[in-house]
Amino acid sequence: SLFGSKTTIIGSGLYGDAQSLGDILSGGFDASYYSDIKKKKKFFGVTTSTKYRTEYSNADPALENQFTLILRQFNDAILAAAGPLGMATDQIETRLDKFVVNIGKIDLQGLTGTEIEEKLTAVFGAAADDMANAAFPGMTRFQKVGEGAFETLVRVASVVEAVTASFDQLGFASSQYSIDVKMAVADQFESDSAMTNAVQSYFQAFYTPAEQTAVKAAQLGKVFDHLGFAMP
């Protein structure tokens, strides 16, 4: 106790260095295990020096693959929002490829399995929010209390897509209306399904059978075009 040194691990867990999302999607997420170590030297019971260092080791490839899949799912969901929001998919893809994922240290020392899961969910949830903000800046104006940027983006894209489909069904030029207008229209109903049901009832009551058939054929034609096929 009078001489020698004492080494203590003061933090340990996972580490992810800064890396672009494009590199992650093409080559996988690069993760490491880390340990923060404190070494204290003593002479006659008096501390003479305290040094800190961090040791790293390669993370399990299966764990890295799981992190890659999580980020890929976020990427795909954000890309899917491009169409409904009237943005070019390649433009959003370029923004996402350049986005830098910087997880840093995730201290998991002493946590239970449930606490580890909650912490990882929070860390990657924050990464998803940052990705959404980088791809679609300005969506915060639609954000609700307690809602993250990624959740907001998915909700807005879903609502806008439903309103656009309703406008198209009624013969309105949906492309002439902004996202703000479409969100304002949706706000007049209790839910997206309530709006869709109201539009469907109006459509069936006031459009002739021939008009209904023409609209449905046009909608089906767009699906075939999207898939790259000619509708029979």
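This text walks through the fold, the surface and a few linked residues of the protein.

The model is predicted: local features need pLDDT of at least 70, side-chain atom pairs count only at pLDDT 80 or more, and totals for chains, interfaces and linings use all residues. Residues are numbered from 1 along each chain as its sequence is written, and side-chain values use heavy atoms, with hydrogens and water left out.

Start with the fold. The protein has 8 helices and 6 strands. Helices (H or I, at least four residues) and strands (E, at least two) are DSSP runs, numbered from the N terminus. From that end, the order is β-β-α-β-β-α-α-β-β-α-α-α-α-α. The radius of gyration is 26 Å, well over the 17 Å that the globule rule gives for 232 residues, so the protein is more spread out than a compact globule. That radius is taken over C-alpha atoms, and the rule is 2.2 Å times the number of residues to the power 0.38. Along its principal axes, the C-alpha trace spans about 95 × 35 × 30 Å.

Now the surface and the interior. Of the 232 residues, 33% count as buried. Buried means under 20% relative accessible area, exposed over 50%, and partly exposed in between (1.4 Å probe, protein chains only). Contact means heavy atoms within 4.5 Å. Among contacts between residues at least 6 apart in sequence, 61% join residues at least 24 apart.

Salt bridges come next. The count is 5. Each is a side-chain nitrogen of Lys or Arg within 4 Å of a carboxyl oxygen of Asp or Glu. One of them joins Lys105 and Asp36 at 2.8 Å, N to O. Lys105 is in strand β6 (residues 104–107) and Asp36 in strand β3 (residues 31–43), 69 residues apart. Asp36 is buried, at 15%. Lys105 is partly exposed, at 40%.

Another salt bridge pairs Arg141 with Asp180 at 3.1 Å, N to O. Arg141 lies in the loop between α4 (113–135) and α5 (149–169) and Asp180 in helix α6 (residues 179–186), so the pair ties together parts 39 residues apart in sequence. Arg141 is partly exposed, with a relative accessible area of 47%. Asp180 is also partly exposed, at 37%.

Helix α8 brings in one more. Asp168 forms a salt bridge with Lys222, with the closest N and O atoms 3.6 Å apart. Asp168 sits in helix α5 and Lys222 in helix α8, 54 residues apart. Lys222 is exposed, at 51%. Asp168 is partly exposed, at 26%.

Gln212 also lies in helix α8 (residues 209–227). Its relative accessibility is 14%, so Gln212 counts as buried. Leaving out residues up to four places away in sequence, Gln212 touches Phe203, Gln204 and Tyr207.
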